[in-house]
Amino acid sequence: MDATGIGLWGVPLAILGGAIRVSTPFIFVSLGEAITERSGRINLGLEGTLVFGAMTAYAVAVMTNSPWLGLLAAAAAGLCFGLFHGWICKFPKVNDIAIGIALMLFGSGLAFFFGKPFIKPKAPNLPAIPFGAWSDIPQVQAALDVNVLFLIGAVLSLVLWWAFRNTRAGLIVRVVGDSSDAARAMGLNPNTVRLIATGVGGALAGIGGAYLSLYYPGSWTERISSGQGLMAVALVIFAHWNPLGCFAAALLFGGAGALGPALQSVGVTQGYYLFYAAPYILTLIIMIATSSPTRSLAGAPGELSITR
Amino acid sequence: MSAITGNKAVGVETIGMSMRFGAFTALGDVSIKVPAGSFHALLGENGAGKSTLVKCMMGFYHPTAGDILIEGREVAIASPRDASALGLGMVYQHFTLVPSLTGAENLVISREKVPGVIDWRKERGELAKFMDRMPFKLPLDVKVAELAAGEKQKLEIIKQLYLGRSFLVLDEPTSVLTPGEAQEVLGLVRAMTRAGALTVLMISHKFHEVTAFADDVSVLRKGRLTGTGRVVDLDRKAMAAMMIGDQPIAVLDSRAEPRPDAEIVLEVKALKAPDRTGLKSIRIEDLGVRAGEIVGIAGISGNGQKELLEVLAGQRPRDAGEIMVRGAAYAATRAEARALNVRLIPEEPLKNACAPKMTVAENISFRTFDIDGNGKPVSWISAGAIRAFSARLVEQFKVKTASLASPIASLSGGNVQRAVLARELTGKVDLLIVSNPCFGLDFSAVAEIRARIMQARNAGAAVLLMSEDLDELLELSDRIFVMSDGALVYETPIAQASVQTIGEHMAGHH
């Protein structure tokens, strides 16, 4: 077989590779949002957290020359954003969705402000493991070059799925998310649990941002996220708040996002722009398909402001 | 695991318990004694201080004065945690189980000490051993949301026993149960007190439960203890007198003779509509309500009554079937309701029949504000006419309000319901659809509201009454249907109605 021309087989291969590459930030943001929403809050600000995390990671990596320190800094920044959201929302009559939108704009704006000097320099990238080394076809090698964060995300979704059933912390988050009254009757403080859950959710979103700027696309620009944080929120609903579902849905979204570049790479020159819109169209289709005027969402945490 | 059912019952006593909120005395000098292993009933109207008393005992409130003795020794209870440590537990009227968790998860997470990682194999083994000693058998592996109300209530009680409590406060434990389930749950609790494993203080307003299960009774009125004694020494009349004092109670009109040939005002045929979950649907094959009769619909909440009401009120789309009012198709538009004189009294009137922040006058005028005396639409709303109209109705229906301009949300539950009745029952009424009209209201308001409904019936209105209170249905209805799992499964004229048969149909045993 000709190593450079594998023809139309390149499309599914590129979609697979793209799914793995594009899905990673979706995985982290949606797992973070799943934790937050399971505790009974919605944090729409994760889009802002994602962008700010991307900027922080890139900036720290440029200055220290270590992508891992950048990753840690992004997680810490995300944690701060999450805690801030959780702290404001504990006050009575504060709407978590409105605060989320405010923080989304705030996070992006702050990232653009601090990020200006870092648009030019080149930061070191996060490492990838070449699972495709056995093959001598470059497309296969490219598709199976898997970043460590993707693997961590896959493991994390399994761990979370297990932890929601089998650990004290997991059960407490579910209790608080489903019934504040029951939580109080058990002597739990719902606000504290939600504060922590929102903080952890923010940290995961920050990590998702670090992946954007330190691996794929791999540089800091102001248009780095293009709404992925918001789509991840939709994805959590689609996944019925199940971490494994989040992982699968993230792959699906990632694959949709890779459709445009995949078509371009095999030489489709017309209309591939339309396929760049695939993830957004998918979001819309999913939201319409899963919504219903007469029925409430199955599996939705009872304390969520959209289901209450 | 702290739970053992080798629990030994403890006796609890309050001495001179008082609770004041500012100038208001919610509880004044109440002393009651609940000996170990007894079943004590606490009777009283809404706002009589029953929950204040038990909240003081459970450490939610810090009483202004008074002491609590457990087994004759004075104890300090500063928080619910202290109360639990002393073996005091409470089963609330509203479930405190977490719906999306299974029974087993609910039990384990409610424990004081839960390991960081839960070893389900070990926990399940211990739970099975614990359940073997329990009088109730329950599935612990299904989500609580999927349990029937009776099973949930049993699980609440089991949870308290699992946590090692030996003194239980039950707050109106049967309000969500069928008569059969109520008998079963209270009977089992009764047996445990007899065996000396448990002491029970039950808040109730159902006399028949008190006489059937309790050893002693204490009655509160306006924060004072107005009577206490052995249940065997007291009859219902004596207990009712202690509860309500000497205030006048509206009497029900005698029932006008129903005419079997009266016009069928409401007719529902082959109705099909999705329920709240969207997974099931309600199906009403044939339901007719004649002028001058009250048709009651019994059923445990969540069996489709709410959906049926919403369809009749035009709040829920229907998939199939027809609704006819006096022979005309009815889609519950404002114009149709007005032309056909259809009136609606939904449950939780403040939420479902009022705009809480608008004034009493505005709320009372919702049906009439946009028409003049001759039924012609008006282009300018007259504030004066609204005020005059509502002043007359407030007077006539004895709505207690600070002023006509107060927001309706500031009124007590009974007065909100009176205001809604005033609006719905004024003018000609051909069809009246009512749902749980007396839920959570006090004695005198209940009597008055039932009297008004009976008056409307005697004046020739067709009344469809949905209620979770079987006593209310038996008192008011001419015919009773039972709704179970979205369908009308049983019909009986009032003369042949038996609580037992109705209860069995409510539970879906047929």
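How many bridges join S13(B) to strand S19 of chain B, and do the two run parallel or antiparallel? Before getting to that, keep in mind that you're looking at a predicted model. It scores ipTM 0.84 and pTM 0.77. Chain B averages a pLDDT of 88, and 97% of its residues score at least 70.

Now for the strand itself. S13 of chain B covers residues 294–298, and S19 of chain B covers residues 479–484; 4 bridges join them, and they run parallel.

What about the two faces of S13(B): covered or open? In a regular strand, side chains alternate between the two faces of the sheet. On one side of S13(B) you'll find B:Ile294, B:Gly296 and B:Ala298, on the other B:Val295 and B:Ile297, and all are buried, so that both faces are covered. That's 5 of 5 residues of the strand buried.

Let's move on to some empty space. Rolling a probe the size of a water molecule over the atoms shows where such space is left. The second largest pocket holds about 710 Å³. Its lining counts 31 residues, with B:Arg334, B:Ala337, B:Val342, B:Arg367 and B:Glu424 nearest the centre. Several elements of chain B supply at least two lining residues each, including helix H10 (334–340), strand S16 (342–345) and helix H14 (413–425). By class, the lining has 15 nonpolar, 8 polar and 8 charged residues.

Definitions and conventions: Residues are numbered from 1 along each chain as its sequence is written. Chains are lettered from A and ligands numbered from 1 in the order in which they are written. This is a predicted model: local features need pLDDT of at least 70, side-chain atom pairs count only at pLDDT 80 or more; totals for chains, interfaces and linings use all residues. Side-chain values use heavy atoms; hydrogens and water are left out. Buried means under 20% relative accessible area, exposed over 50%, partly exposed in between (1.4 Å probe, protein chains only). Two strands pair if DSSP finds at least two bridges between them. pLDDT is the predictor's confidence in each residue, from 0 to 100. On a 1 Å grid over the protein atoms alone, a cavity is a set of points where a 1.4 Å probe fits but cannot get out, and a pocket is an open set with protein on both sides within 12 Å along at least five of seven lines; lining residues have an atom within 4 Å of a point. Grid points are joined across faces, edges and corners, and a volume is the space filled by probe spheres set on the points. Ala, Val, Leu, Ile, Met, Phe, Trp, Tyr, Cys and Pro count as nonpolar, Asp, Glu, Lys and Arg as charged, and the others, Gly among them, as polar.
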